[in-house]
Amino acid sequence: MSLTDQSAFDIAHKIQRGELAAVDVLDAALERIAAVDGRPGALDYGPLTQEDQTKVHAFITLTADRARQKAERVDARISSGEDAGALAGVPITIKDLFCLKGVPTTAASRILSNFVAPYTATAIERLEDAGAVVLGKVNMDEFAYGSSNESSAFKPTTRNPWDLTRVPGGSSGGSAAAVASGQGCLSVGTDTGGSIRQPAAYCGVVGLKPTYGRISRYGVIAFASSLDCPGPLARNVRDAALMLSVMAGADTRDSTAVRLPVPDYLAGIDRGVKGMRIGLSKDYLQISYPDPDTGETIMEDLPAEIRNMTLRAAETLAAEGAEIVENVPMPNSIYGIPAYFVISRVEASSNLHRFDGVKYGYRARASGGDLAELYRLTRAEGFGLEPKLRVLMGMYMSGGQLSLQYFQRALQARSMIRADFETAFDPDGPYRLDVLLTPTAPTPAFKMGDFYGDSTLMQYSDQLTVSANHAGVPALSIPGGLSAEGLPMGLQLIGPDFAEATLFRAGYAFEQATADADWRAVKPCVLAEVE
Amino acid sequence: MMNPLAVPDQHRNKDGLMADFEAVIGLETHIQLNTVTKIFCSCKADSWQDPPNTNICPVCAGLPGVLPVLNEAAVYKGALLAAAMHAEIRLVSYFDRKNYFYPDLPKGYQISQFDLALGDGGYLDVTMPGGFVRRVNITKLHLEEDAGKTKYEGGQRLVDFNRCGVPLVEMVTEPDLRSADEAAQYLIRLRQLLRWLGVSEADMEKGHLRCDANVSIRTAGSTYLNTKTEIKNVNSIEAVRAAINMEIERQVSLVQAGGQVESWTLDWDETRQRLNKMRSKETEADYRYFREPDLLPLELTSEWRDAVIQNLPELPLERQLRFMTRYQLPEYDADILTADRPIADYYEAALTAYGTDPKILSNWIMNEVLRMQNELGLSADALTLTPEYLAEVIRLVDAGTINAATGKALLVKVQQSGQPPQAIVAAEGLSQVSDDSALQSVIDAVLAAHPQEVESYRGGKEGLFGWFMGQVMRQTRGQADPAKTRALLQKALQGKR
Ligand SMILES: [Zn+2]
């Protein structure tokens with residue numbers, strides 16, 4: 001097993017004890033990248049070659065030299081007896097939505113293709129301060145608008161390490177694929193409607209959307225500000241907990257980052273689920289979507305293997321001592337996607353205003369100094385399909401009288417979704433849940449090209465994840481098994497505000513209970529050749 | 001080319017016009033709060049005469065990924081102003097995004113407050129030139145960030161972001177004003193109040209206080225509102241007066257000629273002293289307001305609000321009335337002595353030290369201290385001549401130790417040296433020569449030196465008396481008590497020694 005396949009927890013401990021050098025771990029990670037990633041995403045990518053189709057393409061920008069300096073600094077600190085941090089020498093990747101000083105920060109968009117961030121995001125600063133070694137910036141959907149990575153302006157887009165003809169999920173697809181294929185141990189993603197959890201599920205890794213405000217958003221290029229949550233992706237629950245411990249906490253530069261002490265998420269992670277009340281909801285075992293022809297809502301059961309995985313997991317946890325509470329009603333979940341459609345687009349269209357070619361980023365050549373033309377051409381040439389769709393819809397739905405019809409109603413739906421969770425988790429209520437157990441995504445990873453361009457249909461893959469964003473509650477996706485086709489399926493654990501520690505405990509218990517399961521031994525296909 | 005908005009001369013009969021019509025005016029003001037740092041970042045707020053783009057950071061320059069963090073000092077100053085305007089301070093208010101594109105608006109939206117702003121309602125009572133008090137109601141009072149500045153140079157559009165994120169209060173009046181003079185008076189009183197509270201430097205030339213005027217006319221005495229025009233870029237009290245007068249005249253002539261006022265936005269051209277049409281305003285711009293998700297609701301405790309109200313100083317109009325009732329000052333004096341807080345404090349401190357006649361003190365301040373302030377460009381609290389020293393000088397004059405002219409000169413010396421008046425009097429021998437024998441010997445010497453003039457006076461040229469007075473004064477370097485000199489001189493000239 002390569003060093004890069006070890007857990008972040010083990011690597012950091014070995015480096016802290018001087019048993020391992022950070023530069024050796026870095027070398028192993030760079031070797032893995034060279035073996036599996038292929039060429040990085042680029043604007044001028046030319047035709048897709050045969051070889052491209054055998055690679056992951058997680059990266060947009062590899063920062064190998066910078067990483068080596070950081071790794072050497074970690075080793076120097078260790079040899080001089082200093083504390084090198086909780087993530088000493090752990091190689092990580094960053095979704096290209098986070099600003100990192102002196103490094104291109106593109107949001108996978110042409111309009112920011114030449115933007116070099118002059119400052120570093122708080123979450124990244126904290127990871128680097130804790131000794132993490134940033135390997136580079138990884139691919140994503142353009143401005144995080146999508147669930148497949150296919151909307152990135154930087155191509156080839158990321159492929160799923162388990163099946164290279166499938167998407168890695170999105171928008172943090174590069175992050176999930178990198179972690180799954182050993183290109184670093186950890187990755188930082190963002191989750192607005194499921195953008196950490198869905199790709200984590202598709203790539204068979206762990207992903208957490210923390211409580212809104214648990215991790216500072218400072219330095220994260222905004223998608224939908226009231227829903228955006230930075231969060232960790234890792235290969236196991238303990239690594240995710242370790243990473244959250246480092247990233248979480250108040251920030252003087254983000255007033256929406258909550259001023260609550262950060263618990264030690266590793267302490268008590270192995271206390272098990274005895275007595276924990278874990279809920280199941282029928283509303284999370286079906287999806288609803290509008291009929292493309294009639295617009296009527298169609299309710300459909302999830303595929304049997306997804307349902308069965310979830311029920312089996314409940315049995316496993318029950319066997320570990322959890323109390324399973326069935327039939328928890330979450331009736332307003334069906335409004336999750338429509339409300340998200342409106343809120344995320346209204347906020348996104350406003351957040352995109354600043355990309356006008358005036359101050360930074362791509363600027364079109366406008367003739368005659370015509371300001372309106374400069375704006376029009378810059379945005380027409382700089383934005384891809386997804387940002388354009390979102391600008392149009394967002395501006396439409398927040399304009400004048402339509403705001404009442406769409407935006408205000410969506411906000412009402414959001415409150416109703418929040419109320420569902422409050423009832424389910426109410427310690428004096430009828431259900432008194434500690435955790436709601438659901439599948440993460442309605443299906444395993446879909447084929448590239450299946451939905452691309454149909455942003456409405458594509459986002460129904462976020463149906464089971466989006467409600468946690470509306471409600472602001474934390475949700476953890478962990479691997480739950482493999483489908484008949486050998487594709488990862490994800491389990492989701494949702495908890496009340498700031499109950500991340502509970503989610504980690506339940507996730508860890510499931511991980512331990514299934515440690516010897518056959519499906520745990522199966523590895524992504526791209527790793528077959530390197531081992 | 002003819003100015004399309006100029007009023008033909010034959011219509012310029014103001015009295016005749018205004019007999020039929022009345023003007024309806026509302027003012028929209030932007031007030032720059034004098035906080036140390038900007039409203040959402042820690043950049044220096046005041047960039048007056050700083051080179052372009054030197055007081056900026058990722059936050060106020062709208063870089064990708066940045067977030068605003070609210071400056072509590074701006075909230076405090078905004079709340080203080082709201083309290084002084086008799087507005088309700090909302091315990092929960094919200095920030096909203098006002099979305100529009102402009103190069104000097106780096107985020108493409110302005111963080112402002114929309115429906116639930118810091119201040120709710122309010123009014124300012126303004127004593128108008130005619131002597132009556134007009135209550136000007138406030139319809140909007142909110143916090144927001146300023147945008148940058150665009151200028152055109154050499155065919156290029158240049159943008160300076162220094163002003164981005166400077167805290168502003170936008171305050172809009174109801175259409176309660178009825179003439180250009182009333183509008184000007186409102187601004188004068190608002191400027192006074194802002195400085196009084198210490199929330200803004202309120203310097204219109206520096207853009208600390210900006211004003212747009214909404215103007216319409218209607219048949220005198222009616223209550224409906226006609227289509228209004230909006231005048232932008234009026235950045236002095238005089239410009240406000242001139243621009244509104246010009247626009248009223250234009251609207252009246254237009255209506256009298258059978259035309260209709262259209263909803264235009266007009267730009268005041270300061271150099272040419274005329275209005276230019278900027279654009280027609282058929283529909284309201286749609287700013288797609290929605291709650292700013294990057295800021296939490298602005299929640300204040302009722303204790304905090306009470307403390308703001310407690311900290312509110314006595315306001316100018318209240319203090320003026322108190323000066324009139326308690327000190328029996330004329331309205332004119334009381335108004336001038338409450339022009340700003342330092343002069344009002346100065347007056348009251350001097351009065352405490354002086355202890356007697358408030359009107360005598362008022363005269364000294366209005367004549368001497370204000371002139372000194374104007375010459376030196378200092379506010380009253382910056383004078384070396386403290387209120388206590390002023391009182392001391394007046395007491396010296398009252399006691400006859402020095403005469404009034406010496407007293408006035410002494411004020412200047414105290415201001416220049418910082419020395420106590422008594423010390424200067426002693427050191428320079430300024431004490432009035434009122435000792436009879438000393439004065440008598442000076443007079444004797446003058447008479448002895450000018451026998452011809454004495455002869456002429458005694459021969460009937462009594463006009464020479466003033467000349468003798470002058471001679472004595474010159475000999476005593478002005479320190480002779482004039483009344484005593486006069487008496488002794490008369491005796492001596494009459495030979496009645
Ligand atoms: Zn700044």
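**Salt bridges, interface, pocket and backbone**

Analyst: Across all chains of this predicted model, a search of the whole structure finds 49 salt bridges.

User: How far apart in sequence are the parts that B:Asp96 and B:Arg291 tie together?

Analyst: B:Asp96 and B:Arg291 form a salt bridge, with their closest N and O atoms 2.7 Å apart. B:Asp96 sits in strand S4 (residues 96-99) of chain B and B:Arg291 in strand S16 (residues 290-291) of chain B, so the parts tied together are separated in sequence by 195 residues.

User: What area is buried between chain B and chain A?

Analyst: The size of an interface is often given as the accessible area lost when the parts come together. The contact takes 39 residues from chain A and 30 residues from chain B. Carbon and sulfur atoms give 59% of the buried area, and the total is about 2800 Å².

User: Which three residues supply more of the area that chain B buries against chain A than any other three?

Analyst: Chain B brings 30 residues to the contact. A trio supplies 27% of the area that chain B buries against chain A: B:Pro64, B:Phe101 and B:Arg288.

User: Which side chains meet in a salt bridge between chain B and chain A?

Analyst: The count between chain B and chain A is 16 residue pairs in polar contact, both residues at pLDDT 80 or more. The side of chain B that touches chain A has 20 nonpolar, four polar and six charged residues. The count of salt bridges between the two chains is one. At 3.0 Å, N to O, the side chains that meet are those of B:Asp294 and A:Arg217.

User: Which residues are the closest to the centre of the second largest pocket?

Analyst: This pocket has a volume of about 800 Å³. Its lining has 31 residues, and the closest to the centre are A:Asp5, A:Arg235, A:Asn236, A:Arg520 and A:Lys523.

User: Which elements give two or more residues to the lining of the second largest pocket?

Analyst: By class, the lining residues are 15 nonpolar, eight polar and eight charged. The elements that give two or more belong to chain A: helix H5 (173-180), strand S12 (475-482) and helix H15 (500-513).

User: Where are A:Pro156 and A:Ser171 found?

Analyst: The peptide bond from A:Lys155 to A:Pro156 is cis, with omega near 5°. A cis peptide bond also joins A:Gly170 and A:Ser171, where omega is about 10°. A:Pro156 lies in the loop between strand S3 (133-138) and H5 of chain A. For A:Ser171, the place is the loop between S3 and H5 of chain A.

User: What is phi of B:His86?

Analyst: B:His86 is found in the loop between helix H2 (72-84) and strand S2 (88-89) of chain B. The residue is other than glycine, and its phi is positive, near 60°.

Technical notes. Residues are numbered from 1 along each chain as its sequence is written. Chains are lettered from A and ligands numbered from 1 in the order in which they are written. This is a predicted model: local features need pLDDT of at least 70, side-chain atom pairs count only at pLDDT 80 or more; totals for chains, interfaces and linings use all residues. Side-chain values use heavy atoms; hydrogens and water are left out. On a 1 Å grid over the protein atoms alone, a cavity is a set of points where a 1.4 Å probe fits but cannot get out, and a pocket is an open set with protein on both sides within 12 Å along at least five of seven lines; lining residues have an atom within 4 Å of a point. Grid points are joined across faces, edges and corners, and a volume is the space filled by probe spheres set on the points. Helices (H or I, at least four residues) and strands (E, at least two) are DSSP runs, numbered from the N terminus. Ala, Val, Leu, Ile, Met, Phe, Trp, Tyr, Cys and Pro count as nonpolar, Asp, Glu, Lys and Arg as charged, and the others, Gly among them, as polar. Contact means heavy atoms within 4.5 Å. Buried area is the accessible area (1.4 Å probe) that two parts lose on being put together, summed over both. A salt bridge is a side-chain nitrogen of Lys or Arg within 4 Å of a carboxyl oxygen of Asp or Glu. A polar contact is a pair of N or O atoms within 3.5 Å; within protein, one must be able to donate a hydrogen and the other to accept it, and residues adjacent in sequence count only if both atoms are side-chain atoms.
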